[in-house]
Amino acid sequence: MNEEWRLEQKLNERKICLACFSSNNIPISQEVYQFSHDFVESGQLDKYIPTQDNLLQEEVAQFRGDYFKMACDAILKAWNEK
């Protein structure tokens, strides 16, 4: 069951990445999907996802409380630096 939860979490994280690209009018291609997969699997997205122990309040404040915008900003920066 724990492995199933982990798989679902990773799929949801990929959805965040793909939604970021889509909301910025970047077509979802094999390259975009592979980047999203690698970004998630490498743990780079983890630092932008709040947890019960760390709500990332200081970090998200500069994005007016918008966690998606904060994560998307990091995703697009990494995409543009590749």
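Me: In this predicted model, which side chain meets that of E13 in a salt bridge at 3.7 Å, N to O?
Reply: Both partners lie in helix α1 (residues 2–23), three residues apart, about one turn of the helix. Residues three or four places apart in an α-helix point the same way, because there are 3.6 residues a turn. The side chain that meets E13 in the salt bridge belongs to K10.

Me: Is K10 buried or exposed?
Reply: The cut-off for buried is a relative accessible area under 20%. E13, the salt-bridge partner of K10, has a value of 3% and is buried. K10 has a relative accessible area of 7%, so K10 is buried.

Me: How many salt bridges are there by the rule used here?
Reply: The rule asks for a side-chain nitrogen of Lys or Arg within 4 Å of a carboxyl oxygen of Asp or Glu. The pair E13 and K10, at 3.7 Å, is one of those that meet in this way. By this rule the count is four.

Me: How many residues apart in sequence are the parts that R14 and E41 tie together?
Reply: The side chains of R14 and E41 meet in a salt bridge, with N to O at 2.8 Å. R14 lies in helix α1 and E41 in helix α2, so the parts tied together by the pair are separated in sequence by 27 residues.

Me: Is E41 buried, partly exposed or exposed?
Reply: Buried means under 20% relative accessible area and exposed means over 50%. R14, across the salt bridge, is buried at 8%. E41 has a relative accessible area of 42%, so E41 is partly exposed.

Me: Where does K82, the salt-bridge partner of E31, lie?
Reply: The side chains of K82 and E31 meet at 3.0 Å, N to O. E31 is in helix α2, and the pair ties together parts that are 51 residues apart in sequence. E31 counts as partly exposed at 48% relative accessibility, while K82 is exposed at 57%. K82 lies in the segment after α4.

Me: Which cysteine does a disulfide join to C20?
Reply: A search of the whole structure finds one disulfide. Its S to S distance is 2.1 Å, and both of its cysteines are buried. The disulfide joins C20 to C72.

Me: What is the handedness of the disulfide between C20 and C72?
Reply: The pair links distant parts of the chain, with C20 in helix α1 and C72 in helix α4, 52 residues apart. The torsion about the S-S bond is about 80°, so the disulfide is right-handed.

Me: What is the relative accessible area of V40?
Reply: V40 is in helix α2 (residues 30–41). Not counting residues up to four places away in sequence, V40 touches K10, E13, R14, C17 and L45. V40 is buried, with a relative accessible area of 0%.

Me: Which residues is S36 in contact with, leaving aside its neighbours within four places in sequence?
Reply: S36 also lies in helix α2. S36 is buried, with a relative accessible area of 0%. The residues in contact with S36 beyond those neighbours are R14, C17, L18 and F21.

Me: How far apart are the end C-alpha atoms of helix α4?
Reply: Helix α4 (residues 67–81) has 15 residues. At 1.5 Å a residue, the helix should span 21 Å. The computed distance agrees, at 21 Å.

Me: Which residue has a side-chain oxygen within 3.1 Å of the backbone nitrogen of F68?
Reply: The contact is at the start of α4. Buried residues of this helix include M70, A71 and C72. The side-chain oxygen belongs to D66.

Me: What is the phi of R64 near?
Reply: Most residues other than glycine have a negative phi. R64, in the loop between α3 and α4, is exposed at 81% relative accessible area. R64 is a residue other than glycine with a positive phi, near 55°.

Conventions:
Residues numbered from 1 in each chain as written. Predicted model: local features only at pLDDT ≥ 70, side-chain atom pairs only at ≥ 80, totals over all residues. Heavy atoms only, no water. Helix = DSSP H or I, 4+ residues; strand = E, 2+ residues; numbered from the N terminus. Buried < 20%, exposed > 50% of the residue type's maximum accessible area, 1.4 Å probe, protein only. Contact = heavy atoms within 4.5 Å. Expected span 1.5 Å × (residues − 1). Polar contact = N/O pair within 3.5 Å; in protein donor to acceptor, adjacent residues only side chain to side chain. Disulfide = S-S within 2.5 Å.
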